[in-house]
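Reader: I would like to go through this model and ask, term by term, what each label rests on.

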Amino acid sequence: MLHLSSVSRAARAQRKDQSDAAFPLNVPAIASLHSLTLSTVTFFVGENGSGKSTLMEAIAAAAGLPTVGGADIARDATLASQRAFAGSLKLVWKHRTRRGFFLRAEDFFGFTKRLAQERVDLQQRMRENAEEYEKLERSTYALGLAQGPLAASLADMEKRYGVDPDAQSHGESFLKLFRNRFVPGGLYLLDEPEAPLSPQSQLALIAMLMEMIEEEAQFIIATHSPILLAFPEATIYSFDELPIAEVAYDDLDHVNLTRDFLNHPGRYLQELKRQ
């Protein structure tokens, strides 16, 4: 299902900001943004620094989406400029949803560490409770009542993310997070989700996206991955074009460079030696 149908900048905001060279309006793709029509799966592609992540952050702020792994957008000091830019965006909803989240791959690695620490803290509190109740000679029943909320939190964490997320590869943990956090009818903004994923795991993510689309979810994904970009019937916007333009999969530089390298790796490596 299509929830968010388009993103645009108000004409008034465009005129007002024409002479503004501050970030993010000093990024050419952002400065030239007029309107983007979205589909069930929309990809943002472009070189690093092209503005695709910046626009994702601004859309997430304008939509009020929660984040996974990082600080909430409303409180993240590093996103002050993106929040200000979000105020000039117009989001057109076909079906307004409050479900979904925004995830930057770079935040995920810190997320697993926090999960591990929370697990340790819960276990420590349960041990301290047990020792205290033993000293006070309280009943096992009373201890069970006291431990109940802590045990429930620990069980839910382990059900969602595994007994030890650090014992899994980053890719496995990433896919497990998606399996447990994707819900029907959600809007999901994913910034470079391929970062911890092997090619095989990227295919697994594609299969997951297909399943979620059947359950009325929508995705906006910033990526460099030719594998993810091959998602059937997706809309692809190139931030290397000015203004941002829809580009066919077979016309993407990312795809053609990867394809040519895989067909002729020796030629590319020889060129690198000459440089």
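Predicted model: local features only at pLDDT ≥ 70, side-chain atom pairs only at ≥ 80, totals over all residues.

Reader: Why are β2 and β4 said to stand at the edges?

Author: Three strands form an open, antiparallel sheet in the order β2-β1-β4. Strands here are DSSP runs of E with at least two residues, helices are runs of H or I with at least four, and both are numbered from the N terminus. Because β2 (35–37) and β4 (89–93) each have a single partner strand, one side of each is left without a neighbour in the sheet. From one strand to the next, the twist averages 15°.

Reader: What makes β1 and β2 a pair?

Author: Two strands pair if DSSP finds at least two bridges between them, and three bridges join β1 (residues 4–9) to β2, the two running antiparallel. The bridge partner of Ser8 in β2 is Ser35. Helix α3 (residues 52–63) packs on this sheet and touches β1, β2 and β4, its direction making about 65° with that of β4. Such a contact means heavy atoms within 4.5 Å, and the angle is taken between N-to-C directions on a scale from 0 to 180 degrees, with axes fitted to C-alpha atoms, for helices over the stretch in contact.

Reader: What makes strand β5 "mostly covered"?

Author: In β5 (residues 100–104), five of its five residues are buried, a word that stands for under 20% relative accessible area, whereas exposed stands for over 50% and partly exposed for what lies in between (1.4 Å probe, protein chains only). Gly100, Phe102 and Arg104 point one way from β5, Phe101 and Leu103 point the other way, and all are buried. Five bridges join β5 to strand β6 (residues 187–191), and these two strands run parallel; Phe102 stands opposite Leu189 in β6.

Reader: Why is the pair of Phe101 and Phe182 called stacked?

Author: A pair of aromatic rings is described by the distance of the centres and the angle of the planes. Rings of Phe, Tyr and Trp (its six-membered ring) pair if their centres lie within 6.5 Å, and planes under 30 degrees apart count as stacked, over 60 as edge-to-face and the rest as tilted. The structure holds nine aromatic pairs. The rings of Phe101 and Phe182 have centres 5.9 Å apart and planes at 10°, so the pair is stacked. Phe101 lies in β5 and Phe182 in the loop between α7 (170–181) and β6, 81 residues apart.

Reader: How do you know that the charged end of Arg96 sits over the ring of Trp93?

Author: A charge sits over a ring if NZ of Lys or CZ of Arg is within 6 Å of the ring centre and within 35 degrees of the ring normal. The charged end of Arg96 sits over the Trp93 ring, 4.0 Å from its centre.

Reader: What makes the link between Asp76 and Thr78 a polar contact?

Author: Their side chains are joined at 2.6 Å. A polar contact is a pair of N or O atoms within 3.5 Å; within protein, one must be able to donate a hydrogen and the other to accept it, and residues adjacent in sequence count only if both atoms are side-chain atoms. Asp76, in the loop between α3 and α4 (80–86), counts as buried because its relative accessibility is 10%.

Reader: Is Lys94 buried or exposed?

Author: Lys94, in the loop between β4 and β5, has 57% relative accessibility and therefore counts as exposed. Leaving aside neighbours within four places in sequence, Lys94 is in contact with Leu2, His3 and Ser5.

How values were computed. Residues numbered from 1 in each chain as written. Heavy atoms only, no water.
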